[in-house]
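Please read them alongside the sequence and the coordinates.

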Amino acid sequence: MNVLKTFVVTILALLATAPWAAEPRPAVNLIGRPVPQIESLPEGPFRALVVQAHELSTRTFAVIGPEVKDLRKRYAGNNLACTSCHQAGGTKPFAMPWVGVTASFPQYRGRENQVSTVEERINGCMERSMNGKPLPLDAPEMKAFTTYIAFLSQGVAVGAQIEGAAVLQSAVPNRRADVKAGSAVYDAKCAACHGADGLGKRTGRPGDALGYMFPPLWGPDTFNNGAGMNRLLTTTRFIRQNMPLGASHTATVLDDDEAYDVTAFMLSKPRPIKAHLENDFPARWNKPIDAAFPPYMLGATADQHRYGPFPPLAEKQRRMAEQRKSDMAAAKARAAVGAASTAAGK
Ligand code: HEC
Ligand code: HEC
């Protein structure tokens with residue numbers, strides 16, 4: 001039993017660390033790399049699907065949003081677009097770009113503690129960022145998303161190390177975030193677009209499925225509390241490099257303190273609730289320290305997981321991982337001794 005357990009844990013650890021470890025990984029830098037152009041595709045069914053998928057990504061609310069006429073197509077639960085976050089049609093570095101995503105899946109994911117496909121990852125955003133239902137794997141919209149992402153990923157080798165992926169891993173201040181200071185930053189630098197009430201600015205009227213000119217940051221019509229965007233570290237980094245609109249990693253507007261505090265202010269506001277979050281990150285040791293929902297494994301308060309300071313939590317998590325590693329090594333050694341003495345006794 002113990003040996004089996006050790007084995008399973010070891011396999012999980014291998015998956016968690018280095019799925020491509022055997023080979024040196026090719027590197028791709030998205031910064032300054034030309035963005036794939038739909039116009040460069042020859043006319044035909046592939047191009048037609050990519051065009052359709054671009055529309056689905058940039059005007060998600062009009063195709064699978066909660067206000068579309070066809071009730072069966074109401075998969076998303078809010079009126080955001082995928083590109084409300086995955087900016088520039090999913091091509092902007094450090095705004096969770098989709099370029100290369102096809103080359104990095106299937107991939108071990110801590111949230112599920114299993115290997116996930118691109119389709120499952122898309123449904124992760126459907127159920128959380130879009131606060132909706134998963135797309136059936138054989139839905140035409142799922143085919144469109146995976147085709148578009150594959151189109152953007154052309155030329156990126158499987159397993160490549162991608163510079164510009166996800167969000168820039170910048171340092172955050174070693175203190176509890178200051179929600180009050182964040183409120184002042186919000187009024188000065190965000191409210192003009194997203195509204196003093198954070199509810200965004202609609203293109204038209206509620207019910208018309210035309211979405212937003214400026215998307216809501218909190219309230220009923222935005223991402224839910226299980227979304228990646230509900231984590232303070234992830235979102236501080238997103239905002240630091242990408243907001244106010246027009247900011248980029250080469251032209252930031254906010255400093256580290258402003259980004260951290262304004263994000264905490266935004267995430268202190270009410271938003272849709274995702275049921276059963278306690279089932280996320282079933283391998284508790286790799287639960288991100290800014291996933292602000294129970295159970296908490298590091299002996300810290302809920303408040304610290306929500307608002308920091310984070311460096312002490314990162315240190316605790318590092319020690320926990322080390323302990324786990326040495327426990328595993330010890331268990332493996334015991335199992336080897338046990339097996340040897342069994343063999344000797346025969
Ligand atoms: C509210 C913001 C938001 C919206 C809207 C959103 N996403 Fe995401 N998405 C994220 C964040 C944040 C991450 C990465 C962080 C994480 O994994 O927790 C991510 C990651 C992804 C990834 C994996 C990227 C990688 O580098 O591995 C895919 C694919 C994806 N999203 C697809 C979609 C699709 C398709 C939609 C629309 C149906 C969508 N997302 C809508 C915020 C969003
Ligand atoms: C000039 C208008 C403008 C300003 C100012 C601005 N934003 Fe945005 N924001 C946008 C638009 C537009 C999007 C959707 C992305 C796109 O269309 O490229 C967006 C998207 C977002 C998103 C992801 C989508 C969502 O609904 O959650 C977040 C988070 C965000 N902004 C936060 C902020 C914060 C915090 C500030 C202030 C520091 C800020 N924004 C300032 C226009 C603005």
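At what angle do the axes of helix 8 and helix 11 cross, and within what distance do they come?

1. The axes of helix 8 (residues 179-189) and helix 11 cross at roughly 95° and come within 7 Å. Helices here are DSSP runs of H or I with at least four residues, strands are runs of E with at least two, and both are numbered from the N terminus. Axes are lines fitted to C-alpha atoms, for helices over the stretch in contact, and angles run from 0 to 180 degrees between N-to-C directions. Helix 8 is therefore roughly perpendicular to helix 11; angles under 35 degrees count as roughly parallel, over 145 as roughly antiparallel, 65 to 115 as roughly perpendicular and the rest as oblique.

2. On conventions: this is a predicted model, in which local features need pLDDT of at least 70 and side-chain atom pairs count only at pLDDT 80 or more, while totals for chains, interfaces and linings use all residues. Residues are numbered from 1 along each chain as its sequence is written, and chains are lettered from A and ligands numbered from 1 in the order in which they are written.

3. In the pairing of helix 8 with helix 11, Val179, Ala181, Gly182, Ser183, Val185 and Tyr186 of helix 8 meet Glu258, Asp261, Val262, Ala264 and Phe265 of helix 11. Contact requires C-beta atoms, placed from the backbone, within 7 Å. The contact of helix 8 with helix 11 has seven nonpolar, two polar and two charged residues. In this classification Ala, Val, Leu, Ile, Met, Phe, Trp, Tyr, Cys and Pro are nonpolar, Asp, Glu, Lys and Arg are charged, and the others, Gly among them, are polar.

4. Helix 11 (residues 256-267) also packs with helix 10 (residues 232-242), at an angle of about 125° and with the axes 9 Å apart. That angle makes helix 10 oblique to helix 11. Leu232, Thr235, Thr236, Ile239 and Arg240 of helix 10 make the contact with Asp256, Ala259, Tyr260, Val262, Thr263, Ala264 and Leu267 of helix 11. By class, the residues of this contact are seven nonpolar, three polar and two charged.

5. Helix 2 (residues 45-58) packs with helix 7 (residues 140-152) at about 105°, their axes being 8 Å apart. The two, helix 2 and helix 7, are therefore roughly perpendicular to each other. Helix 2 contributes Leu49, Val50, Gln52, Ala53, His54, Leu56 and Ser57 to the contact, and helix 7 contributes Glu141, Ala144, Phe145, Thr147, Tyr148 and Phe151. The contact of helix 2 with helix 7 has eight nonpolar, four polar and one charged residues.

6. Ligand 1 is surrounded by 24 residues, of which the closest are Cys82, Cys85, Cys125, Ser129 and Gly228. A residue is counted as near a molecule if its C-beta atom, placed from the backbone, lies within 6 Å of it. Helix 5 (101-104) and helix 6 (118-127) each supply at least two residues of this shell, and helix 6 gives the most, with four residues. The shell around ligand 1 has 16 nonpolar, seven polar and one charged residues.

7. Around ligand 2 there are 23 residues, and the closest are Cys190, Cys193, Pro215, Pro244 and Leu245. Helix 9 (191-194) and helix 11 each supply at least two residues of the shell; the largest share, three residues, comes from helix 9. By class, the shell around ligand 2 has 18 nonpolar, four polar and one charged residues.

8. The peptide bond from Pro294 to Pro295 is cis, with omega near 0°, and Pro295 is found in the loop between helix 11 and helix 12 (302-307). The bond from Gly308 to Pro309 is also a cis peptide bond, with omega near 0°; Pro309 is in the loop between helix 12 and helix 13 (311-345). Asn113 is not a glycine, yet has a positive phi of about 55°. Asn113 lies in the loop between strand 2 (107-109) and strand 3 (114-116).

9. As to the whole, the protein chain has 13 helices and six strands. The C-alpha trace spans about 80 × 55 × 40 Å along its principal axes.

Methods. Two residues are in contact if their C-beta atoms, placed from the backbone, lie within 7 Å.
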